[in-house]
Amino acid sequence: MKKLKQDRALLVGLNFNNETNTEYYLNELEKLAEAVGIKTVDKIIQNAKSISPKFYIGSGKVLEIKHMIDILDISVVIFDDPLSPAQLNNLEKTLDVQVIDRSFLILSIFAERARSKASVLEVSLAQKLYMLPRLTGITNALSRQGGGTYNAKGPGETKLELDRRRILNDISKIKTELEKIRAEKATAKKQRLKNKIPIVALVGYTNVGKSSLMNSLSRILDYKDEDVFEEDMLFATLETKTRRLQKNNQPPFILIDTVGFVSKLPHELIASFESTLSDVLDSDLILHVADGAYFNQAHIDTTKMILQNIGASDIDRILVLTKKEISPYTPHINEDFIFVSNRTNENLDTLIDAIYGHIYKDMRLYLLKIPFNESSLITNLKNNHKILETSYGEDGTNLKVILPIEVAKKYQKYQIKKDQKLIN
Ligand SMILES: Nc1nc2c(ncn2[C@@H]2O[C@H](COP(=O)(O)OP(=O)(O)OP(=O)(O)O)[C@@H](O)[C@H]2O)c(=O)[nH]1
Ligand SMILES: [Mg+2]
């Protein structure tokens, strides 16, 4: 996929049936463009009742854009919604500059940021899936800028067919490689699940403070390791990061930092970012993080919608707002939330208590004495539950173990002390 260079952009949004969010989406599109070094020169919104199959926008608007391209020295036109291959092709031919859409932009950002082998492969797969149906338009753009090996009239059928086959071939190679990496990861994950340590996933819109929350929670829970990367930019995190955290005298939990969401996330990316999304699906609790200082209900709704789309809406969820120390007021939201600061640590204790309240709500701490002649029970407990301490007495093995109340009934006759609630 072609890399975007320093460009001057015109952003185009369609205000469909008087949808009021178009301006907000275009501002976000400007930030996305900025993330790959594209400067936005102007934005235009067209009010429309229907979408033109030929140009997406009306043909009058296309002429207006052509005029603006000349006057403002525009080198790229960015549409906020996905363009069909035909629309892309027609627009590029008529406007004679590069035309891209939001999906292309997001894929470019991910391509620039991807570091680990798995995410490089995942992004490359998403790009190729995106490119495949749009081959003519994209290759036209390449030939015009002299960046490709095609002649100025555009590729002929045979060349196109060859490109298609090459991309299909690449796609299948990448999929095979990803399968291998996923199999390795699955083994590590199985181990994690087997240990039965509850998993808490940080999920939310991009740049709201998820990684910062992982760092601040790690600090107050005395986790000794380097901070994860946090930065004021879109998609700072592309890799899932995992940490085992534990409050004093309490059982541990696994905290997972994930890639941020954005409006109109390209479906090619959702499909390929399976590993991040499946980590969320395996979690026992979702910390849905949102920005409290620049509060935006649309970010919360987008995140909820994506969670629903991936089948995670049944998982317990706590809404956490960040940046309390710089927020001018407390946002009005029609659900409960915890308002924290990753700078001053305000309310992080409340959040940790809430986390424990959720993940261990049906769990108790038990002290069991298992007679030596029933060692198969110990194997069973070890394989399926969290054992905190083991010691050997004269007549059996003493275990301090965390069990769901239901399971504990099976072990009632071995219990040597009244069970303890994990959370007070
Ligand atoms: N003042 C203030 N800034 C914060 C707080 N939490 C996060 N930030 C800042 O917000 C910016 C984004 O933080 P990140 O933790 O990188 O956000 P993220 O949600 O992980 O973002 P992505 O990985 O890009 O999805 C950084 O500049 C942080 O320093 C907070 O409580 N107070
Ligand atoms: Mg992050």
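Predicted model: local features only at pLDDT ≥ 70, side-chain atom pairs only at ≥ 80, totals over all residues.
S5 covers residues 199-204, and S7 covers residues 252-257. The two strands pair in the parallel sense, over four bridges. S5 is also joined to strand S8 (residues 285-291).

S5 is largely enclosed by the rest of the structure, because six of its six residues are buried. In a regular strand, side chains alternate between the two faces of the sheet. In S5, Ile199, Ala201 and Val203 point one way. Val200, Leu202 and Gly204 point the other way. Residues of both sets are buried.

Helix H8 (residues 210-220) packs against this region. Its buried residues are Lys210, Ser211, Ser212, Leu213, Met214, Ser216 and Leu217. They pack against S5, S7 and S8. Their other partners are strand S6 (241-246), strand S9 (316-322) and helix H12 (348-359). Asp222 follows H8 and has a positive phi, near 60 degrees.

Strands of a sheet pair through backbone hydrogen bonds, either parallel or antiparallel. This sheet is open and has four strands, in the order S2-S1-S3-S4, with parallel pairing. Strand S2 (38-48) and strand S4 (98-101) stand at the edges. Each has a single partner strand, so one side of each is left without a neighbour in the sheet. On average, neighbouring strands of this sheet are turned by 25 degrees against each other, direction ignored. Strand S1 (residues 7-16) pairs with strand S3 (residues 76-79) in the parallel sense, over four bridges. Within this pair, Ala9 stands opposite Val76 in S3.

Helix H4 (residues 102-113) packs on the sheet and touches S3 and S4. The direction of H4 makes about 85 degrees with that of S4. The length of H4 agrees with expectation: at 1.5 Å a residue, its twelve residues should span 16 Å, and its end C-alpha atoms are 17 Å apart. H4 is mostly covered, with ten of its twelve residues buried. A run of buried residues comprises Arg102, Ser103, Phe104, Leu105, Ile106, Leu107, Ser108, Ile109 and Phe110. Arg113 of H4 is buried as well.

Across the whole protein, there are 14 helices and 14 strands. Buried residues make up 34% of the 424 residues. Among contacts with a separation of 6 or more, 72% are between residues 24 or more positions apart.

Technical notes. Residues numbered from 1 in each chain as written. Chains lettered and ligands numbered in written order. Buried ≥ 20, exposed ≤ 12 C-beta atoms within 10 Å, placed from the backbone. Contact = placed C-beta atoms within 7 Å. Pairing = 2+ DSSP bridges. Axes fitted to C-alpha atoms, helices over the stretch in contact; angles between N-to-C directions. Expected span 1.5 Å × (residues − 1).
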